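Keep the structure in view while reading.

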Amino acid sequence: IGTKSGEGVDIVELENGCACCNASDELLACIYQLHEMSVVKGQPFDRIVIEMSGVAEPKNIRREFQEALREKHPIFDHCYLSTMITVVDSPHFFELYSSKNDVADHVELIGSEVSGVDRYDELGQVQVERKVVDLLVEQVECADMIVLNKNDRVNDKQRSVLQLIAAALNPSAQVVQCEFGKVPLDTIFGVVGKVVDMDDDEDIRLSVKAAKIAASDSCAVPDCSDPSHAHGESHGHEHAHDHGHTHATSAAEKYGITTFVYCRRKPFHPKKLQDLISFLPVKNAQRDNWIDHIPAEGWSLNKLLDGKLHVSDKGNELSILHTIVRSKGFIWFANHPNSAFHWSQAGAHLALHPLGMWWAATALNVWPDGGDNTSNDVAKVLDEFDLGTRWGDRRQELVFIGIGMIESEIEALFDACLLTDEEMAQFEEYMQDQPNTVAVRSTDSTPSGRSVHSPA
């Protein structure tokens with residue numbers, strides 16, 4: 001960090017593309033070049049700040065650094081990736097979150113020279129066919145600190161809601177509001193980095209854990225027995241009551257922003273879930289008629305915040321799906337019994353793709369640390385196993401974040417997509433010929449209280 005005069009500051013600019021794509025090797029080379037310059041000058045750097053573009057993909061950056069560290073790149077003898085920070089343009093957040101467009105459709109994001117391209121451009125600079133909202137949530141969720149800039153350009157309501165949504169999307173990050181990008185250096189450099197050592201699975205685990213904690217937050221009044229208060233449950237709606245003590249209304253309660261986790265140990269029927277997805281306000285959703293449900297083009301975060309998207313009258317039950325701002329997690333399909341799928345919905349965008357095998361169906365020799373029962377990584381995996389059934393870690397586990405959500409109604413819609421008892425009996429009979437490749441049991445001999453082994 002140099003002085004205001006610029007002394008002690010060295011800058012190296014990448015010339016051949018984006019650091020999260022094909023220029024990642026050049027990025028590491030540039031960092032090493034900066035290190036060598038500091039050695040020659042006899043002025044070691046306190047920090048090296050890497051400024052990415054507005055369309056940078058932080059998970060790719062993290063992945064590249066982790067891979068280079070595993071390969072023992074020499075730069076890590078002198079420095080390490082400490083912290084990831086995302087700066088949010090506050091007045092444009094609501095518009096971008098409501099976008100149904102590809103990154104390629106936004107000239108202000110990628111520049112006019114690649115605008116409208118529906119594939120990777122020749123330089124590999126950015127995945128321009130990616131949805132804007134999908135990129136936006138990645139940038140917010142993969143960060144140790146979220147800086148909400150241009151705080152003076154949004155009203156009080158937007159300011160509070162943005163703070164809450166950012167904290168819900170990334171519960172482990174420190175959220176800071178500012179104007180003109182002015183944040184004290186002590187604040188920026190005082191953040192302890194966590195996401196730099198995580199992977200995509202751990203991102204979801206952390207979100208699930210945080211959502212469960214939020215859902216179990218209870219009334220702060222001792223011995224309160226009022227059933228209308230949250231005592232280990234989150235219903236996503238408010239109750240009017242008066243019984244002798246008062247409760248301060250938080251900003252989250254005021255604007256109806258809630259989080260909950262949907263957990264089940266039954267597989268989804270693929271056709272039933274497909275039908276439910278068609279009623280989400282996602283782009284290109286297919287259905288015979290729209291009935292009272294809005295297409296993707298009519299969904300926006302501002303409309304949802306203003307209460308214009310959900311009508312709870314009889315016959316409009318499925319419109320509760322419009323209150324979901326973000327959902328993500330693991331999906332278990334009956335027709336792919338051994339494969340885990342990743343569900344990621346943000347605004348009007350939904351992606352559903354395979355992640356790999358469930359750990360219960362994965363050979364022990366390819367587990368983390370070879371399935372060593374003393375490993376912390378193995379303990380995390382074992383914690384996801386249900387010892388009461390034969391299904392191991394197979395499950396539905398979705399985190400929902402929304403405005404005005406009614407948890408019981410959303411859960412009922414997803415429950416209707418699970419196999420019925422009769423279908424489950426047929427599924428269990430089918431799975432008799434596909435035993436798990438590992439066995440997990442309770443034990444007192446490991447820190448986690450569980451152990452895994454290959455069945456005899």
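## Buried and exposed

A residue counts as buried when its relative accessible area is under 20%, as exposed when that area is over 50%, and as partly exposed in between. The model shown here is predicted. Cys30 has a relative accessibility of 8%, so Cys30 counts as buried. Cys417 is also classed as buried, because its relative accessibility is 3%.

A disulfide is a covalent bond between the sulfur atoms of two cysteines. The structure holds zero disulfides.

## The protein as a whole

The protein has 456 residues, and 45% of them count as buried. It contains 14 helices and ten strands.

Among contacts with a separation of 6 or more, 70% are between residues 24 or more positions apart.

## Helix H6

Helix H6 covers residues 156–169, which makes 14 residues. At 1.5 Å a residue, the expected span takes one less than the number of residues. At the start of H6, Asn155 places a side-chain oxygen within 3.2 Å of the backbone nitrogen of Lys157.

Which residues of H6 are buried? They are Arg159, Val161, Leu162, Ile165, Ala166 and Leu169. An α-helix has 3.6 residues a turn, so residues three or four places apart point the same way.

## Aromatic rings

The structure holds 15 aromatic pairs. One of them is formed by Trp367 and Phe385, whose ring centres are 6.0 Å apart and whose planes are at 40°, a tilted arrangement. This pair links distant parts of the chain, as its members are 18 residues apart. Trp367 lies in the loop between strand E7 (349–357) and helix H12 (376–382), while Phe385 lies in the loop between H12 and strand E8 (396–403). Both Trp367 and Phe385 are buried.

Ring pairs also join Phe260, Tyr262, Phe268, Trp343, Phe400 and Phe414 into a cluster.

## Gln396 in strand E8

Gln396 is part of strand E8. Is Gln396 buried or exposed? Its relative accessible area is 0%, so Gln396 is buried. The side chain of Gln396 reaches two backbone oxygens: that of Lys266 at 2.8 Å, and that of Trp332 at 2.8 Å.

Leaving aside neighbours within four places in sequence, Gln396 has contacts that include Tyr262, Cys263, Arg264, Lys266, Pro267 and Phe268. Phe330, Ile331, Trp332 and Leu418 are also among its contacts. Arg264 is 132 residues away from Gln396 along the chain, yet their C-alpha atoms are separated by 5.0 Å.

## Gly449 in a loop

Gly449 sits in the loop between strand E9 (439–442) and strand E10 (450–453). Its relative accessible area is 23%, so Gly449 is partly exposed. When residues up to four places away in sequence are not counted, Gly449 touches Arg441, Ser442 and Thr443.

How many residues along the chain lie between the positions of Gly449 and Asn373? The two are 76 residues apart, and their C-alpha atoms are separated by 9.6 Å.

Methods:
Residues numbered from 1 in each chain as written. Predicted model: local features only at pLDDT ≥ 70, side-chain atom pairs only at ≥ 80, totals over all residues. Heavy atoms only, no water. Helix = DSSP H or I, 4+ residues; strand = E, 2+ residues; numbered from the N terminus. Buried < 20%, exposed > 50% of the residue type's maximum accessible area, 1.4 Å probe, protein only. Contact = heavy atoms within 4.5 Å. Polar contact = N/O pair within 3.5 Å; in protein donor to acceptor, adjacent residues only side chain to side chain. Disulfide = S-S within 2.5 Å. Phe/Tyr/Trp six-rings, centres within 6.5 Å; stacked < 30°, edge-to-face > 60°.
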